[in-house]
Amino acid sequence: RGPGLIIDGSSCSIQSANGVGVYEGAHHIVLEDLEVRNTNGVGIDFYHYPTDCRVIRVKVHDTGRFTQQSPPQVYGMYLNGHRNIIENSEVYNTTGWGIHAYSGEFVDAHIIRNNWIHNTNTTNADPNGGGGLLLFSVGGGSNQIDNNVISATNNTMAAVYISGGNG
């Protein structure tokens with residue numbers, strides 16, 4: 001299948017504009033057969049604990065084009081909340097982590113499977129910065145990472161970084 005909808009931030013002049021935002025209180029949202037590209041901010045941003053959302057066959061690429069951060073750290077996908085699934089998707093050409101699942105409170109019961117994450121932490125990025133996949137939670141657990149292919153992360157620390165209360 002091809003993308004059902006293309007979100008292209010090429011003509012957006014807002015410095016930190018994300019491609020798609022799924023925010024506080026959102027639940028049971030499905031993003032399927034979607035392409036998000038050329039964003040100034042995060043490609044897909046799950047923020048302030050959305051629950052039971054799914055990302056299926058989504059392509060996210062070329063994020064953080066004009067970021068003012070130094071070094072640039074704009075993610076393909078930023079994820080927190082509970083019971084969200086990212087599957088069968090591709091993330092590439094990001095200035096930070098491909099998928100960054102992080103929270104000071106909860107990143108809980110997520111499933112991240114069958115994804116291709118590559119060419120992350122690109123141009124002018126921090127060699128100790130973003131890799132392919134980061135999963136960090138102070139209070140969460142029961143997260144699953146299965147059958148993902150991660151390559152060309154331009155990171156000297158880790159292609160995958162897992163820390164915190166993850167089971």
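A residue is called buried here when its relative accessible area is under 20%, exposed when it is over 50%, and partly exposed in between, using a 1.4 Å probe and protein chains only. With that in hand, Tyr 47 is partly exposed, because its relative accessible area is 35%. This is a predicted model, in which local features need pLDDT of at least 70 and side-chain atom pairs count only at pLDDT 80 or more, while totals for chains, interfaces and linings use all residues. Residues are numbered from 1 along each chain as its sequence is written, and side-chain values use heavy atoms, with hydrogens and water left out.

Let us begin with the overall picture. The protein has zero helices and 19 strands, where helices (H or I, at least four residues) and strands (E, at least two) are DSSP runs numbered from the N terminus. Of its 167 residues, 50% count as buried. Taking a contact as heavy atoms within 4.5 Å, residues 24 or more positions apart account for 76% of the contacts with a separation of 6 or more. The protein exposes about 7,600 Å², and carbon and sulfur atoms supply 50% of that area; accessible areas come from the Shrake-Rupley method with a 1.4 Å probe, and for residues only the protein chains shown count as cover.

Now to the strands. Strands of a sheet pair through backbone hydrogen bonds, either parallel or antiparallel. Two strands are taken to pair if DSSP finds at least two bridges between them. Six strands form an open sheet in the order S2-S5-S8-S12-S16-S19, and the pairing is parallel. Strand S2 (20–22) and strand S19 (160–164) stand at the edges with a single partner strand each, so one side of each is left without a neighbour in the sheet. From one strand to the next, the twist averages 10°, with axes being lines fitted to C-alpha atoms (for helices over the stretch in contact) and angles running from 0 to 180 degrees between N-to-C directions. Within this sheet, S5 and S8 pair in the parallel sense over two bridges, and Asp 45 stands opposite Tyr 78 in S8.

Strand S4 (residues 34–39) is worth a visit too. Five of its six residues are buried, so S4 is largely enclosed by the rest of the structure. Strand S1 (residues 5–8) runs parallel to S4 and is joined to it by four bridges; Asp 8 has Arg 37 in S4 as its bridge partner. S4 also pairs with strand S7 (residues 59–63), again in the parallel sense and over four bridges, and here the bridge partner of Glu 35 is Lys 59 in S7.

The aromatic side chains come next. Rings of Phe, Tyr and Trp (its six-membered ring) pair if their centres lie within 6.5 Å; planes under 30 degrees apart count as stacked, over 60 as edge-to-face and the rest as tilted. The count by this rule is three aromatic pairs. In one of them, the rings of Tyr 47 and Tyr 78 have centres 6.1 Å apart and planes at 50°, so the pair is tilted. This pair links distant parts of the chain, 31 residues apart: Tyr 47 is in the loop between strand S5 (44–46) and strand S6 (54–56), and Tyr 78 is in strand S8 (residues 77–79). Tyr 78 counts as buried because its relative accessibility is 13%. Tyr 47, Tyr 75 and Tyr 78 form one aromatic cluster.

What about Tyr 102 and Phe 136? Their ring centres lie 5.3 Å apart with planes at 20°, so this pair is stacked. Tyr 102 belongs to strand S12 (residues 99–103) and Phe 136 to strand S16 (residues 133–137), 34 residues apart. Tyr 102, at 34% relative accessibility, counts as partly exposed, and Phe 136 is partly exposed at 22%.

Gly 98 sits in the loop between strand S11 (90–92) and S12, and is buried, with a relative accessible area of 0%. Not counting residues up to four places away in sequence, Gly 98 touches residues including Tyr 75, Met 77 and Ile 117.

A last stop is the backbone. Most residues other than glycine have a negative phi, and most peptide bonds are trans. Arg 57, in the loop between S6 and S7, has a positive phi near 50°. Ala 109 has a positive phi near 60°, and is found in the loop between strand S13 (107–108) and strand S14 (111–113).
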